[in-house]
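Let us walk through this protein step by step. Keep the sequence and the 3D view side by side as you read.

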Amino acid sequence: MSSGDQNPAAEAAAVPDVQGDGRWMSLHNHYVASSKDKEPEVVFIGDSNVMLLHQLEIWRELFSPLHALNFGGLGEGTQHVLWRLENGELEHIRPKIIVLWVGTHNFGHTAEQIAGGVQAIVRCMEQRQPQAKVIVLGLLPRGKNPNPLRERNRRVNELLAEALPSTPNAVLLDADPGFVQSDGSISHHDLYDYLHLSRLGYSRLCPTLHRELLRLLEGSAAQQ
């Protein structure tokens with residue numbers, strides 16, 4: 001599996017300001033500033049599927065009561081999340097659990113590179129937040145019908161399933177409730193553009209994640 005200096009998915013990089021309005025950097029700076037007066041038990045970090053979750057009622061129902069923060073980004077790859085973490089987003093908080101969900105937006109990268117990028121982020125989290133458990137959410141299938149990117153995401157999950165057991169504080173969670181139907185297609189009712197989750201899609205996926213968070217938080221409380 002690729003990791004290290006020769007893997008572009010594991011080299012921290014800021015998102016290019018193609019819109020010319022600095023929106024990505026502004027969002028990053030907002031996360032750093034807002035974390036200074038917060039004491040979250042759970043922090044969600046990742047791409048736009050993380051960000052979109054924060055806008056829905058299911059976030060307020062399931063995750064806000066767990067004292068959760070959402071540091072979702074805009075169409076990010078692993079290298080962009082790594083940059084954010086190396087530049088202050090974990091500096092002022094001490095969560096018990098970090099939920100990481102990123103990789104499907106790593107355009108142009110191989111499954112091996114993406115898995116290496118996820119592992120680089122996990123190592124960064126371990127260095128900066130050694131007390132935290134890390135839940136790595138498996139990548140979802142994508143595209144209305146079978147396609148190479150869906151196969152790539154499946155392979156990323158396989159590679160992470162092989163690699164993460166050697167990382168004491170990290171677990172891989174497959175929360176996919178079965179978005180691929182019997183004919184191989186995905187419904188736009190679950191992933192409205194066959195990439196991002198709909199309200200219904202989140203309602204199907206989030207209960208599994210919520211149960212895992214409760215399990216880990218209860219275990220953490222028992223150890224205190």
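Predicted model: local features only at pLDDT ≥ 70, side-chain atom pairs only at ≥ 80, totals over all residues.

Glu112 has a charged partner. Its side chain meets that of Arg155 in a salt bridge, at 4.0 Å from N to O. Where do Glu112 and Arg155 lie? Glu112 belongs to helix 5, residues 111-128, and Arg155 to helix 6, residues 148-163. The two are 43 residues apart in sequence, so the pair ties together separate parts. Arg155 is partly exposed as well, with a relative accessible area of 28%.

Stay on helix 6. Another salt bridge is found there, between Arg154 and Glu158. Their closest N and O atoms are 2.2 Å apart. Both residues lie in helix 6, and four residues separate them, about one turn of the helix. How accessible are they? Arg154 has a relative accessible area of 37%, so it counts as partly exposed. Glu158 is partly exposed too, at 32% relative accessibility. These residues do not stand alone. Salt bridges with shared partners join Glu112, Glu151, Arg154, Arg155 and Glu158 into one network.

Now turn to another pair. Lys96 and Glu41 form a salt bridge, with 3.5 Å between the closest N and O atoms. This pair links distant parts of the chain, 55 residues apart. Lys96 sits in the loop between helix 4 (78-86) and strand 3 (97-101). Glu41 sits in the loop between helix 1 (23-34) and strand 1 (42-46). Lys96 is partly exposed, at 24% relative accessibility. Glu41 is also partly exposed, with a relative accessible area of 26%. In total, the structure holds 12 salt bridges.

Ser35 has its place in the loop between helix 1 and strand 1. Is Ser35 buried or exposed? Its relative accessible area is 0%, so Ser35 is buried. Which residues does Ser35 touch? Leaving aside residues up to four places away in sequence, Ser35 touches Phe71, His92 and Ile93.

Step back to the whole chain. The protein has seven helices and five strands. From the N terminus on, its elements run α-β-α-α-β-α-β-α-β-α-β-α. The radius of gyration is 17 Å, close to the 17 Å that the globule rule gives for 224 residues, so the protein is as compact as a globular protein of that length. Along the principal axes, the C-alpha trace spans about 50 × 40 × 35 Å.

What about the inside and the surface? Of the 224 residues, 54% are buried. The protein exposes about 10,300 Å², and carbon and sulfur atoms supply 50% of that area. Contacts also tell of the fold. Take those between residues at least 6 apart in sequence: 78% of them join residues at least 24 apart.

The protein has 20 positive and 26 negative charges.

Methods:
Residues numbered from 1 in each chain as written. Heavy atoms only, no water. Rg over C-alpha atoms; globule rule 2.2 N^0.38 Å. Buried < 20%, exposed > 50% of the residue type's maximum accessible area, 1.4 Å probe, protein only. Contact = heavy atoms within 4.5 Å. Areas by Shrake-Rupley, 256 points an atom, 1.4 Å probe, with all protein chains shown as cover. Lys, Arg positive; Asp, Glu negative; His and termini not counted. Charge placed at Lys NZ, Arg CZ, Asp CG, Glu CD.
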